[in-house]
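Load the model in your viewer and show it as a cartoon. The stops below go from the whole chain to single residues.

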Amino acid sequence: MSHVIHRSLAQVPLVAVGGKGVELFDQAGKAYLDASGGAAVSCLGHAHPDVLAAMHRQLDQLAYAHTSFFTTEVQEALADHLVTHAPAGMTDVYFVSGGSEAVEAALKMARQYFVEIGQPERTHFVARRQSYHGNTLGALAVGGNEWRRKQFAPILMDVGRVAPAYEYRDRLDGESQPAYVARLLAEIDTKFQELGPDKVIAFVAEPVVGATLGAVAAPAGYWQGLRALCDRYGILLIADEVMCGMGRTGSLHAVEQEGISPDLMTIAKGLGGGYQPIGAVLAQRKMVEAMRRGSGMFQHGHTYIGHAMAAAAALAVQQVIQRDQLLPQVLARGAYLQKQLHARFDAHPHVGDIRGRGLFWGVELVQDRSSKATFDPAFKLHAKVKAQAMAHGLLCYPMGGTIDGLHGDHVLLAPPFISSEAELDQVVERLGDAIDTVLAQQPV
Ligand code: PLP
């Protein structure tokens with residue numbers, strides 16, 4: 001009997017005993033092609049020798065020193081690396097241990113900024129429906145995901161909510177893309193007016209939505225319009241790149257492809273590639289200067305911030321990505337994956353949409369392609385696809401359920417940057433087989 005409180009208490013999961021490259025192995029010796037890297041974490045695959053070597057070196061030197069006494073060379077080196085490659089104006093880094101912690105820190109830094117500059121009346125955040133920003137209370141509050149929030153709603157802060165930029169379902173028939181973008185921005189403006197633009201701290205969103213919809217990027221012009229709208233009212237813009245960042249979409253940060261710099265940006269997952277738990281907030285200099293001039297500190301902190309082993313692992317992961325020129329490879333292999341997904345699923349009667357960037361792809365499953373009608377939630381298609389894919393030796397990341405009033409079944413793919421074309425062929429083949437096997441069991 002397991003004494004671990006597993007995520008699902010219905011059954012104890014399989015035991016993972018090893019990993020090498022793009023594969024994970026269970027206790028029975030079965031190999032799984034890891035096409036989701038957990039949840040877009042394992043960007044270099046498993047047991048990368050250069051990362052392991054860097055971690056061993058750091059362990060021999062120093063595993064941990066508390067940041068209220070010391071900084072470490074490795075933490076400073078990682079911050080230098082991140083700032084060198086950050087969007088324009090993002091000059092400072094705050095390290096944490098994961099994505100939710102990064103979002104919490106960004107929310108608090110944003111609030112503290114306004115207190116320090118004499119605008120304490122700013123108390124609201126605005127975020128989008130069908131979004132995910134983490135599971136701690138602040139992150140859960142800004143996330144738009146009712147099944148995760150339901151039990152905790154009475155104890156969550158109130159957040160202004162607007163539509164996601166989800167073109168496949170929300171762009172109206174006959175509506176041009178610019179008109180759709182203008183409608184989305186007008187809704188955000190209306191929400192700012194409703195709350196009082198001088199009462200809003202920040203707008204929070206994922207540049208490419210991951211864990212709720214599966215690799216949905218906003219239409220062209222949305223982020224530039226959002227940046228301009230936030231600037232008009234002095235509202236901060238927080239880009240949550242915990243899942244879509246660190247090279248996953250083919251540029252180090254997804255916002256680079258939008259041509260904007262946020263005020264704050266959260267990163268995690270691919271930052272450490274799963275070799276250590278680590279996340280970070282990248283901040284514009286004005287945020288840090290306001291805190292330095294005001295309280296003299298960021299009123300926040302965790303025991304493991306700037307953990308030396310975590311920083312060593314992340315620095316090694318990022319150096320490998322640069323040295324091996326993996327970002328162009330993400331674009332090239334991503335284009336290949338896109339082509340193979342279209343070849344396999346374009347004519348599939350139950351695949352409504354294929355979308356993504358780089359090596360971050362989503363496949364949306366529908367009962368009927370022309371009406372976009374979803375499957376009966378009771379069928380739990382996404383969960384069945386996950387189990388069937390594992391039976392076929394594939395790890396993918398299906399998601400579904402009813403999220404903010406919208407039901408859906410999506411499969412997210414986030415294979416390692418080192419995946420070969422032959423391995424991506426296998427991903428598509430096994431996913432197609434898993435989907436077809438499950439759909440053949442569909443009640444008629
Ligand atoms: N933000 C986004 C966009 C995410 O996708 C996630 C996790 O999936 C989080 C935050 C939370 O990260 P973590 O699970 O590391 O706490």
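Start with everything selected: of the 444 residues of the protein, 49% count as buried. Here a residue is buried if 20 or more other C-beta atoms lie within 10 Å of its own, exposed if 12 or fewer, and partly exposed in between, with C-beta atoms placed from the backbone. This is a predicted model, in which local features need pLDDT of at least 70 and side-chain atom pairs count only at pLDDT 80 or more, while totals for chains, interfaces and linings use all residues. Residue numbers run from 1 along each chain as its sequence is written.

**Whole chain**

Colour by secondary structure to see 14 helices and 17 strands; these are DSSP runs (helices H or I, at least four residues; strands E, at least two), numbered from the N terminus. The radius of gyration is 21 Å, close to the 22 Å of the globule rule for 444 residues, so the protein is as compact as a globular protein of that length. That radius is taken over C-alpha atoms, and the rule is 2.2 Å times the number of residues to the power 0.38. Along the principal axes, the C-alpha atoms fill a box of roughly 65 × 60 × 45 Å. Among contacts between residues at least 6 apart in sequence, 74% join residues at least 24 apart; a contact means C-beta atoms, placed from the backbone, within 7 Å.

**Helix α12**

Select residues 326–345, which form helix α12. Its 20 residues reach 27 Å from first C-alpha to last, close to the 28 Å expected at 1.5 Å a residue; the expected span is 1.5 Å times one less than the number of residues. Show side chains for L326, V330, R333, G334, L337 and L341, the buried residues of α12. Viewed down the axis of α12, they fall within an arc of 115°, so they line one face of the helix. The arc is that of the directions from the helix axis to the C-beta atoms. On the other side of α12, P328, K339 and A343 are exposed.

**Helix α2**

Next, select residues 49–61, helix α2. Which residues of α2 are buried? They are V51, A54 and Q58, and they lie within an arc of 65° seen down the axis, so they line one face of α2. The face turned away carries the exposed residues P49, A53, H56, R57, L59 and D60. The cover over the buried residues of α2 includes α3 (73–84) and α11.

**Ligand**

Centre on the ligand, which 15 residues surround, the closest being G99, S100, G134, V242 and M243. A residue counts as near if its C-beta atom, placed from the backbone, lies within 6 Å. Helix α4 (residues 99–116) supplies the largest share of this shell, three residues. By class, the shell has seven nonpolar, six polar and two charged residues; Ala, Val, Leu, Ile, Met, Phe, Trp, Tyr, Cys and Pro count as nonpolar, Asp, Glu, Lys and Arg as charged, and the others, Gly among them, as polar.

**Single residues**

Go to A40 in helix α1 (residues 37–40). Phi of A40 is near 60°, a positive value in a residue other than glycine, and A40 is buried, with 27 C-beta neighbours inside 10 Å. K372 also has phi near 60°, but K372 sits in the loop between β14 and α13 (381–391) and is partly exposed, with 14 other C-beta atoms within 10 Å.

Finish at K386 in helix α13, a buried lysine with 21 other C-beta atoms within 10 Å. Leaving out residues up to four places away in sequence, K386 touches C396 and P398.

Note on methods:
Contact = placed C-beta atoms within 7 Å.
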